[in-house]
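Biologist: Before we discuss particulars, could you show me the sequence and the structure, and then take my questions in turn?

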Amino acid sequence: MLQAIVEWSVRQRFVVVILAVALLGAGFYATHHAALDVFPEFTPPQVIVQTEAPGLSAAEVEQLVTTPVETAISGLPRFEVSRSQSIQGLSVVTLIFRSGTDVYRARQMVAERLAELTGKLPVGVKAPRVAPLTAATGRLLTAGFTSDKLSPIELRDRIQWQLRPRLLGVEGVASVTIFGGGVKQYQVQIIPDYLAARGLTVTDVLDAARMSGGIRGAGFIEQPGQRLTLRVEGQVRSPEELGEAVVVASAGTPVRLRDVAVVTEAPEPKFGDATVNGTPGVLIVVAKQYEGDAYEITRRVEAEIERMRPALEQEGIVYHPALFRQANFIDAAVGSVTHALLIGAGLVVVVLVLFLFNLRIAFISLTAIPLSLLGAISVLWAFGISLNTLTLGGLAIAVGEVVDDAIIDVENIYRRLRENALLDRPRPAAEVVLSASMEVRGAVVYATFMVVLVFLPVFFLSGLQGRLFAPLGYAYVLAVLVSLVVALTVTPALSMLLLPGTKGATEPPFVRWLQAAYEWVLRRLDREVALVMTVVALLLAASVWAMAGFGGEFLPELKENHFVVHMRGLPGTSLQQSLASGGQVTKALRQNPAVRSVAQAAGRAELGEDTWGVEYSEFEVDLNQLDPEEYEQFETFLRSSLADRAGYTFEMLPFLSERIKETLSGTTATMAIKVIGDDFGSLDRTADEVARVLEGVPGHADVRVEAKTGSPELVVRIRPQDAAHHGLRTSAVLDAVSTAYQGASVGQVYDRNRVIDVSVLLEPTARTDPQRVAELWLNTPAGRVQLKQVADVFLSDGRFLVAHENGLRRQVVTCNVRGRDVESFAAEVERRVKALPATPGVTVAVTGEHEARRAAEREILLLGGAAGLGVVLLLGMALRSFRALVLVMANLPFALIGGVAAVYMAGGVLDVGALIGFVTLFGITVRNGLMMVSHWQHLHDVDGMPWGAELVIRGAKDRLAPVLMTALVTGLGLLPIAVGSGEPGKEVEGPMAQVILGGLVTSTALNLLVLPMLFRRFGYALPE
């Protein structure tokens, strides 16, 4: 079959060339239209359910909202784990499904279960809603708006009702979340003294406000000749109109709302706020839809904002673009990888010209690079796989390998054509091209399939590591397979077009010099075989010893030129204090010239997915373009600037690193020790013990126990007997207190596309005095009583947050690792935590990055073993000799030496990228050994040379140029990635490239120097 393909390509060479040009065109089209992203989607399918429960404490939200929601949606097909957080007024339940689950089907199943909760949740709790579907890295853009002319309410109004609808209409946008400003309400702010003077209560005001206006359908009037639609206009249109509503008529004089309250336009009570470079403002956070094109959607959103910008500026609104912009990292990362790819390709050109000394041959070989890479991109695009740093990294790693098949093929064709030209009766050129191509074709095909086979374990990795690295594997394997197709078709066709005029020229000068030097070295080393083998054995032993001491981590930290800084205050810290402290942080950070902008989001946004209290702030710290050294210096500055700020703890991470950590453990820390049980006291005590253990482990940083108690509360505990004595129902008391301090929504005002709530609550000064809560007046059948007459009012503390995992209460102790590898730190933590005395009903689980790395290591070893067995079978089929198979496999320890040396020089830490690098390296190494041994077999079986030293030396010299060329082009193609592993976009592929490059150096050297000696001594018994 292979011969038929090559023979057809030689005969129909013009057709092959036309098809190759068409493939280039398709590749350019796919490259232009493929989606660009930072990473492939690496989170498992998940559904987030949010339920607003205004006024309820965290404990009440847990009991009355979160637990019923968790119960309703438990037991769904392919459901894996649930995590929930209950805070004051909000429940968020995150459901994670197994990999491969259709996320749209999962959302449908969740929605169906939630429908069963209708009418079963407490009065006042809003219906549970499924949050918009976004990716883990779906946050595309954060932009800011400030104004010296508009009030916070007016600024928020412009952004919420003018800009936000336009952005939600942009194709690919899933959500636009707004922080800061003031949400406009028409508020009836009750003045307690005025109420008392007129003998009224909160309930009276509430009823009056509720009846002040509305919208009703009034039907129609039917006449013989026409029908008139009856429209009733009773909606209040301003706070002044609302203030005219009558509360009660006293002695013929009506008491209006404006007589007992301030009726005004005011902001609703805030859950959070925002600043831009220290100035109060509004932030918008734009998230893309699931599987959307991050780069293209960002471009559309920015274009839409630019179209709105003149109108906003006319109103005095200042636009602060790209406070966070994921596309910046895409630009830097993709540009960096593309630059490395181009440099690698350029180095490949230099090597080919130097070794082949023939521009035609170099051109034929080089065609494999664009054809293979663009062919792979076309397939990726056809299957909807985005171009991201991992897929581009796979192509960059393959850039040197895709030319290997073509080099081996064209070099052999060129050499056979030269030999044919020296014959008295030369054979036809087509026959020479075909036979020369088939001479190496079997070995090339087997070698290529071996490279593919050893990479297959990457496709079957589970969890986040599989979702992250599988696209890299797709790109790499596709490029290698397309290069094989090119070598089978395009290379023979171009050789037939460009090389038949080759005369009986000698080898290129550089190659002749190399061959002469190589023969001298081989003969010299052959006399020192014992010494050589001793050195190799010592190097191998040193490598095994070094590997035993390597540390481990999941991934290196990504360099994004952007930091997300988390600031946590003590429970009970006010929003104003968080903003004031955030202003100090902003001022300190902006003193560094590397900082481009700082934006603070304090608390949480309405309908946001995060369960943050007002004591929490998140800063978007965007940097100017920094080189790796400047980046390290700024990171040191950042940590020192935020250290020792009383009452606050800080964490700082690049955005993508944070997303990866949160996917692995549910927190933004490197390690999360989860304490799971049912009793709060036991959970807290165990968590404190775990925290003390962590603080005793060298390398710990930022040890933090999730907030427990300490959130100040003012408790109103109703005395049922006293309430009954005054004729009060408990619900009436609850409603009055909720209205006074939470605010009661009594209607909406519709103004163009705006919806404005009408709310009743106490005036601001009354709501800031805890002493006045007990003096709240209540209506009774016999008159009025104060709250203190039917309830106890006292200070206490409670839990700010209650977390669950799979329905059980969970306490978390988080920790980062600094100055030590994660794997050894995790092993010591596990050992010490296991030694803690067991607490009945409590389980402790150490989770984090180390779990993913261990899983990847186990799976790579297990699946790599299976792939290795497949490689052995392919080698047996190709070589038909056990001894030859063993000799080829001897290249594996040769490669191990260099790979281990590369890891050692890079710091002695094995991450998942480096492990995959070893897998790739072993495939490349076996390939080179196969090419050498198969040629020795060909010299004996086909050319008839007798076994002996001359056969070995002749075969080694023949294969010197192709082996060196393939090794050099592969190595030099990887060199830019290996050298720039700390640059954006190369952090993941860098360790992989370093391992391959290091192993390639030693395996090539030992393959050329040691393998001939082994073959001369152990290869003679090979059957003919």
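Modeller: A definition comes before the rest: two strands pair if DSSP finds at least two bridges between them, and helices (H or I, at least four residues) and strands (E, at least two) are DSSP runs numbered from the N terminus. This is a predicted model, in which local features need pLDDT of at least 70 and side-chain atom pairs count only at pLDDT 80 or more, while totals for chains, interfaces and linings use all residues. Residues are numbered from 1 along each chain as its sequence is written, and side-chain values use heavy atoms, with hydrogens and water left out.

Biologist: Which residue in the turn between S30 and S31 has a positive phi?

Modeller: Strands S30 and S31 pair in the antiparallel sense over three bridges, with Ala803 standing opposite Arg810 in S31. The two strands form a hairpin with two residues between them. The residue in that turn with a positive phi, about 55°, is Asn806.

Biologist: Is Asn806 buried, partly exposed or exposed?

Modeller: Asn806 lies in the loop between strand S30 (801–805) and strand S31 (808–817). Buried means under 20% relative accessible area, exposed over 50%, and partly exposed in between, with a 1.4 Å probe and protein chains only. Because its relative accessible area is 44%, Asn806 is partly exposed.

Biologist: How many of the residues of S30 are buried?

Modeller: In a regular strand the side chains alternate between the two faces of the sheet. In S30, Leu801, Ala803 and Glu805 point one way and Val802 and His804 the other way, and all are buried. The strand is thus mostly covered, and the number of its residues that are buried is five of five.

Biologist: Which residue of S30 is the bridge partner of Ile87?

Modeller: Strand S30 is also joined to S2, the two running antiparallel with five bridges between them. Within this pairing, the bridge partner of Ile87 in S30 is Leu801.

Biologist: What is the phi of Arg78, and where does this residue sit?

Modeller: Arg78 sits in the loop between helix H3 (58–73) and strand S2 (79–87). Arg78 counts as partly exposed because its relative accessibility is 37%. Its phi is positive in a residue other than glycine, with a value near 65°.

Biologist: Which strands are the edges of the open sheet of six strands?

Modeller: The six strands form an open sheet with antiparallel pairing, in the order S14-S13-S19-S20-S18-S21. Each edge strand pairs on one side only, and these strands are S14 (279–280) and S21 (648–653).

Biologist: What angle does the direction of helix H22 make with that of S18?

Modeller: Helix H21 (residues 628–642) packs on the sheet, touching strands S18 (562–569), S19 (595–603), S20 (616–623) and S21, and its direction makes about 10° with that of S18. Contact means heavy atoms within 4.5 Å, and axes are lines fitted to C-alpha atoms, for helices over the stretch in contact, with angles running from 0 to 180 degrees between N-to-C directions. Helix H22 (residues 655–665) packs on the sheet as well, touching S18 and S21, and its direction makes with that of S18 an angle of about 60°.

Biologist: What share of the residues in the chain is buried?

Modeller: The chain has 34 helices and 33 strands, and its C-alpha trace spans about 130 × 80 × 55 Å along the principal axes. Of the 1024 residues in the chain, the buried share is 56%.
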